[in-house]
Amino acid sequence: MAITSFNGKQFWDRMTLAFTDRKHYHTLLHKGNAEYLKVVPYSIIMLFTALQFGWLAGLWALVTWAGVAGVAFPVPIVALIPIRMYVLPYLFKSEYLEALDPLEKDCSLPPNRSRRNSMEDMDCQVQPPA
């Protein structure tokens, strides 16, 4: 996986936000997927990003340094589901969590489009919280 695939993803945007000068913070609001900046306080964004980065670093360490035990890498990935459903709601307010990590995405296509353009289908619009 190339590092260039991170550009434009919310996780990468939140990581670069930690190194962005506060004077340029308003320019990030104009990005297409930066709606969470209007809802979630900066400290919560950084805490959520640190948790995600820690999980990513732990997974990377498991795969690279654990030797034979590295074959267990699917276990932490599958563990993300109950963590997201049962642990994170105790750490973050529901509106913050929904803005940072929505449970559902709207990937429906207009009636005149077919599913042949699969690369365009990957950019789904996030449904607003109900």
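**Aromatic pairs, nonpolar core and helices**

At 5% relative accessibility, Phe-92 counts as buried, where buried denotes under 20% relative accessible area, exposed over 50% and partly exposed in between (1.4 Å probe, protein chains only). The model is predicted, with local features requiring pLDDT of at least 70 and side-chain atom pairs pLDDT 80 or more, while totals for chains, interfaces and linings use all residues. Residues are numbered from 1 along each chain as its sequence is written, and side-chain values use heavy atoms, with hydrogens and water left out.

Two aromatic pairs are present in the structure. Rings of Phe, Tyr and Trp (its six-membered ring) are paired if their centres lie within 6.5 Å; planes under 30 degrees apart are stacked, over 60 edge-to-face, and the rest tilted. The ring centres of Phe-48 and Phe-92 are 5.6 Å apart and the planes stand at 75°, so this pair is edge-to-face. Phe-48 belongs to helix α4 and Phe-92 to the loop between α5 and α6, so the pair ties together parts that are 44 residues apart in sequence. Helices (H or I, at least four residues) and strands (E, at least two) are DSSP runs, numbered from the N terminus. Phe-48 is buried as well, with a relative accessible area of 4%. For Trp-60 and Trp-65, a centre separation of 5.1 Å and planes at 70° are found, so that pair is edge-to-face. Both Trp-60 and Trp-65 are exposed.

A nonpolar core is a set of buried Ala, Val, Leu, Ile, Met, Phe, Trp, Tyr and Cys residues joined through side-chain atoms within 4.5 Å. The largest has 15 residues, of which Tyr-36, Leu-37, Val-40, Ile-45 and Leu-100 touch the most other members. Two or more residues each are contributed by α3 (36-39), α4 and α6, and the largest share, four residues, comes from α4. Leaving aside residues up to four places away in sequence, Leu-100 touches Gln-10, Arg-14, Tyr-36, Val-40, Ile-44, Ile-45 and Phe-48, contact being heavy atoms within 4.5 Å.

In helix α1 (residues 10-17), the buried residues are Gln-10, Phe-11, Asp-13, Arg-14 and Leu-17. Viewed down the axis of α1, they fall within an arc of 165°, so they line one face of the helix; the arc is taken over directions from the helix axis to the C-beta atoms.

Helix α5 (residues 74-91) contains a kink of about 50° centred on Ile-83, the bend being the angle between axes fitted to the seven residues ending at a residue and the seven starting there. Pro-76, Arg-84 and Leu-88 are buried in α5, and the buried residues of this helix pack against α4 (42-65) and α6 (94-100).
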